[in-house]
Amino acid sequence: MTTRAGFVALIGEPNAGKSTLTNRMVGAKVSIVTHKVQTTRARIRGVALEGDSQIVFVDTPGLFKPRRRLDRAMVAAAWGGAADADIVVLLVEAHRGVTEGVERILEGLEEIGQGRRVALAINKIDRVKSDVLLALTEDLNARYGFEETFMISAEKGYGCDDLKKWLATQLPEGPWLYPEDQIADLPLRMIAAEMTREKLTLRLHQELPYQLTVETENWEERKDGTARIDQVVYVARDGHKGIVLGNKGESIKAISKAAREELEEFLGRRVHLFLQVKVREKWLEEAARYSEMGLDFRDGNS
Ligand SMILES: Nc1nc2c(ncn2[C@@H]2O[C@H](COP(=O)(O)OP(=O)(O)OP(=O)(O)O)[C@@H](O)[C@H]2O)c(=O)[nH]1
């Protein structure tokens, strides 16, 4: 049997649907989907199987104009992932068309594009009529030499199987990057952390401290069939701690309950979830944080 394996970088403007597409391809909830832009802060990766191929999706942070130091790091990370990947898939929103942001990404692609394999996926086709779609496809293909164009709806699932099948056949021949029996729990800690992060976002809305991360520090499978999961919510300043905790700990309790319920549903067993809120000052400056957000994913894990 000839196996194939490789990395696929999904790039696109914030909100283009990268997380939704990753989730659909992988078949598990690995990344946060919200209406807020720039929600994908960590490098998030999902492993999908299609026939004899293993597709490792890199869900890059949204590509946007760098403003602060973190933003620049995120943009570098996004392009870093694209430059490393075997195949790049550019997601463009059908109803928004060629925005300034898309133009900027196309320029970036020209730069890293030498010898790159880039496919175009026009997403959210459920929102436009077919004539708009055809005009957009022509326009984009005139601007860049995409290898293939797919018209998809990550949310509804249209066209996603075709894209996945195509990717599977295009990846280089080689052994799988992750052993089969590890795939299921490879991102489990990350999934759990993302679930808590999602609940934080839902509960705190605009109040959500920008520099906030969730990490799963400990995961214990207990003899009674339940799981004990310890997570730390890291905030940048002491003042942010109170926001996350809420009045008399109300917020963190509600967040913890909601996250636990989702985890139980996902894992199909009872979960004891313990959340702690800690201050990690200047984490933005820590090189380690940067590489965690970045896409040097071949280090250590594979
Ligand atoms: N109508 C429609 N909405 C979609 C589709 N795909 C994604 N969305 C919605 O678009 C919004 C953004 O999707 P995400 O998957 O979070 O986008 P993203 O590119 O990961 O965003 P960032 O993480 O901010 O970069 C969500 O509200 C999705 O439900 C689609 O095919 N059709």
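Modeller: The largest nonpolar core has 42 residues, a core being a set of buried Ala, Val, Leu, Ile, Met, Phe, Trp, Tyr and Cys residues joined through C-beta atoms within 7 Å. Buried means that 20 or more other C-beta atoms, placed from the backbone, lie within 10 Å of a residue's own. Please keep in mind that this is a predicted model: local features need pLDDT of at least 70, side-chain atom pairs count only at pLDDT 80 or more, and totals for chains, interfaces and linings use all residues. Numbering starts from 1 along each chain as its sequence is written.

Among the residues with the most contacts inside this core are Val8, Phe57 and Leu90. Beyond its neighbours within four places in sequence, Leu90 is in contact (C-beta atoms within 7 Å) with Ile11, Gly12, Ile105, Val118, Leu120 and Ala121. A second, separate core of 17 residues includes Val214, Ile255, Ala259 and Leu273.

Now for the sheet. Three strands form an open sheet in the order β7-β8-β9, with mixed pairing; strands are DSSP runs of E, at least two residues long, numbered from the N terminus, and two of them pair if DSSP finds at least two bridges between them. β7 (213–221) and β9 (271–279) are at the edges with a single partner strand each, so one side of each has no neighbour in the sheet. β7 and β8 (residues 227–235) pair in the antiparallel sense over eight bridges, and Glu220 has Arg228 in β8 as its bridge partner.

Note on methods: Helix = DSSP H or I, 4+ residues; strand = E, 2+ residues; numbered from the N terminus. Buried ≥ 20, exposed ≤ 12 C-beta atoms within 10 Å, placed from the backbone. Contact = placed C-beta atoms within 7 Å.
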